[in-house]
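User: Hi! I am new to protein models and would like to learn how to read one. Could you walk me through a few features?

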Amino acid sequence: GSAVPLMAGWTADEFKLFEPSWADGPPSAEELEQLFDEIGPEGSRLRETYIKARAARGDSIVPGDVWSSALTDWTFRVPSDRLLEANAAAGRPTYGYVFTWESPGYGGALGACHSLDVFFVSGTHSLVPDFAGSGPAADALAASMMDAWVAFARSGDPSTPALDWPRF
């Protein structure tokens, strides 16, 4: 098999970008329970697991945030993890990431939402300061990410002198 290196990841709050488009607004507590129950017999236990995990981290346990967290995992994190695991198991150079920088958009309600990382990797964060943020910390993050992605493109390893990026 090919030894082509792979880097994949997700933003911590991927699905929050799509919340403003929820036609009927975020789910209520009762609707959240129904949504998880539709998953199957383990839905109730899974809902409680998400609620407990979010509470333990100090994250919001508002029903919409819990559902958004679950959708982020099911749509982005789990498939990315499976891809990374399969690639690493095949002995290929594999690097993963979770992007946690939070958008100031919508009063901070977007968190580290879908596509936010792209603005930092491409160095275009300053073009959308209301979405990506601005200032010295944002500029430093963009510089670090661009350096890592360039290093990865050049050598297959995103590590830089300032950042030791371990294999997945």
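**Reading a helix and its surroundings**

Analyst: Gladly! Let's start with helix H2 (residues 43–57), which has 15 residues and reaches 21 Å from its first C-alpha to its last, close to the 21 Å expected at 1.5 Å a residue. That expected span is 1.5 Å times one less than the number of residues. Helices (H or I, at least four residues) and strands (E, at least two) are DSSP runs, numbered from the N terminus. This is a predicted model, where local features need pLDDT of at least 70, side-chain atom pairs count only at pLDDT 80 or more, and totals for chains, interfaces and linings use all residues. Residues are numbered from 1 along each chain as its sequence is written, and side-chain values use heavy atoms, with hydrogens and water left out.

User: Which residues of H2 are buried?

Analyst: The general idea first: an α-helix has 3.6 residues a turn, so residues three or four places apart point the same way. In H2, the buried residues are Gly43, Arg47, Tyr50, Ile51 and Arg54. They lie on the same side of H2, because they cover an arc of only 95° around the axis, taken from the directions from the helix axis to the C-beta atoms. Buried means under 20% relative accessible area, exposed over 50%, and partly exposed in between (1.4 Å probe, protein chains only). Exposed Arg45, Lys52 and Ala56 sit on the face turned away from the buried side of H2.

User: What covers the buried residues of H2?

Analyst: The cover includes helix H1 (29–37) and helix H3 (63–89). From H1, Leu32, Glu33, Phe36 and Asp37 meet Gly43, Ser44, Leu46, Arg47 and Tyr50 of H2; contact means heavy atoms within 4.5 Å.

User: At what angle do the axes of H1 and H2 cross?

Analyst: Two packed helices are described by the angle between their axes and the distance between the axes. Here the axes of H1 and H2 cross at roughly 125° and come within 7 Å.

User: Where is Tyr106 found, and what is its phi?

Analyst: Most residues other than glycine have a negative phi. Tyr106 is not a glycine, yet its phi is positive, about 55°. Tyr106 is in the loop between strand S2 (94–99) and helix H4 (116–121), and counts as exposed at 63% relative accessibility. That loop also holds Ser115, another residue other than glycine with a positive phi, near 75°. Ser115 is partly exposed, with a relative accessible area of 24%.

Terms used:
Axes fitted to C-alpha atoms, helices over the stretch in contact; angles between N-to-C directions.
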